[in-house]
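Hi there,

Here is the structure I said I would pass on.

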Amino acid sequence: YKGLAILLECLNSLYEEGFQNWQLDIWGTAIRKNERNINWKGLFHSEDECSILEKVDLLIVPSLWYETFGFIVPEALASGVPVLCSDTVGAQILLDENMIYHSPENLKEKLKGFLINPQVLEKENQKICCF
């Protein structure tokens, strides 16, 4: 229901197509063996969130089910991290339309665009107001 399988499928497909200039860090309760460009990090303490977000170029929230307005999207934005999320995430209202995807195919298309042209993420980063 969190959409991780779709994200992994998209990234693995992009990897097979030769787009290998990415790294995915997955934080949470699921732990698997690290593979290719995917690192399973496990749980983190809330006091470590800022130091983790400092190292993130893009936060992806690939939820499949309709979610209320969670904290991770505004927390990432407050840290200056661009966010890409599905159209089922309540906090999508904080994002430009180009940072919301509507299908697995659209997710792959957007990720491919970022990999081809990383300056797009830099421009998104510049739009975020950090206080």
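L59 stands opposite V83, a residue of β4. That pair belongs to the link between β3 and β4, two strands that run parallel and are joined by 3 bridges. Before you go further, keep in mind that this is a predicted model.

Now widen the view to the sheet around that pair. Its 3 strands are in the order β3-β4-β5, with parallel pairing, and the sheet is open. What does that leave at the edges? β3 and β5 stand there with a single partner strand each, so one side of each has no neighbour in the sheet.

There is another strand pair to find. β1 and β2 also run in the parallel sense, and 4 bridges hold the pairing. Within it, I26 stands opposite W40 of β2. If you colour β2 by burial, you'll see that the strand is mostly covered, with 4 of its 5 residues buried.

Is N39 buried or exposed? Its relative accessible area is 18%, and the cut-off for buried is under 20%, so N39 counts as buried. The side chain of N39 makes a polar contact of 3.0 Å with the side chain of D25. If you skip the neighbours within four places in sequence, N39 touches Q23, L24, D25, I26 and N34.

While you're there, look at the loop between β1 and β2, where you'll find R36. This residue is partly exposed, at 44% relative accessible area. Its phi is near 45°, which is a positive value in a residue other than glycine. For background, most residues other than glycine have a negative phi.

Next, the inside of the protein. As a general point, nonpolar side chains in soluble globular proteins tend to be buried together. Here the largest nonpolar core has 36 residues, and L24, L58, V73, V83, L84, L95 and L111 are the ones with the most contacts inside it. Several elements supply at least two residues each to this core: α1, β1, β2, β3, α3, β4, β5 and α4. Which one gives the largest share? That is α1, with 6 residues.

Leaving out neighbours within four places in sequence, L58 is in contact with V81, P82, V83, L84, M99, L111, F114 and L121. Notice that V83 is on that list, and V83 is also the residue opposite L59 that I began with.

Two residues in helices are worth a click as well:

- E124 sits in helix α5, which covers residues 119–127. At 8% relative accessibility, E124 is buried. Beyond its neighbours within four places in sequence, E124 is in contact with P82, D96, N98 and M99. P82 and M99 turn up among the contacts of L58 too.
- S51 is in helix α2, residues 49–53. With a relative accessible area of 33%, S51 is partly exposed. A polar atom of its side chain lies 2.9 Å from the backbone oxygen of D48. S51 and S79 are 28 residues apart along the chain, and their C-alpha atoms are separated by 9.8 Å.

Finally, zoom out to the whole chain. It has 5 helices and 5 strands, and from the N terminus on they run α-β-β-α-β-α-β-β-α-α. How compact is the chain? The radius of gyration is 14 Å, close to the 14 Å that the globule rule gives for 131 residues, so the chain is as compact as a globular protein of that length. Along its principal axes, the C-alpha trace spans about 40 × 30 × 30 Å.

Among contacts with a separation of 6 or more, 47% are between residues 24 or more positions apart.

Cheers

Conventions: Residues are numbered from 1 along each chain as its sequence is written. This is a predicted model: local features need pLDDT of at least 70, side-chain atom pairs count only at pLDDT 80 or more; totals for chains, interfaces and linings use all residues. Side-chain values use heavy atoms; hydrogens and water are left out. A nonpolar core is a set of buried Ala, Val, Leu, Ile, Met, Phe, Trp, Tyr and Cys residues joined through side-chain atoms within 4.5 Å. Buried means under 20% relative accessible area, exposed over 50%, partly exposed in between (1.4 Å probe, protein chains only). Contact means heavy atoms within 4.5 Å. Two strands pair if DSSP finds at least two bridges between them. A polar contact is a pair of N or O atoms within 3.5 Å; within protein, one must be able to donate a hydrogen and the other to accept it, and residues adjacent in sequence count only if both atoms are side-chain atoms. The radius of gyration is taken over C-alpha atoms; the globule rule is 2.2 Å times the number of residues to the power 0.38.
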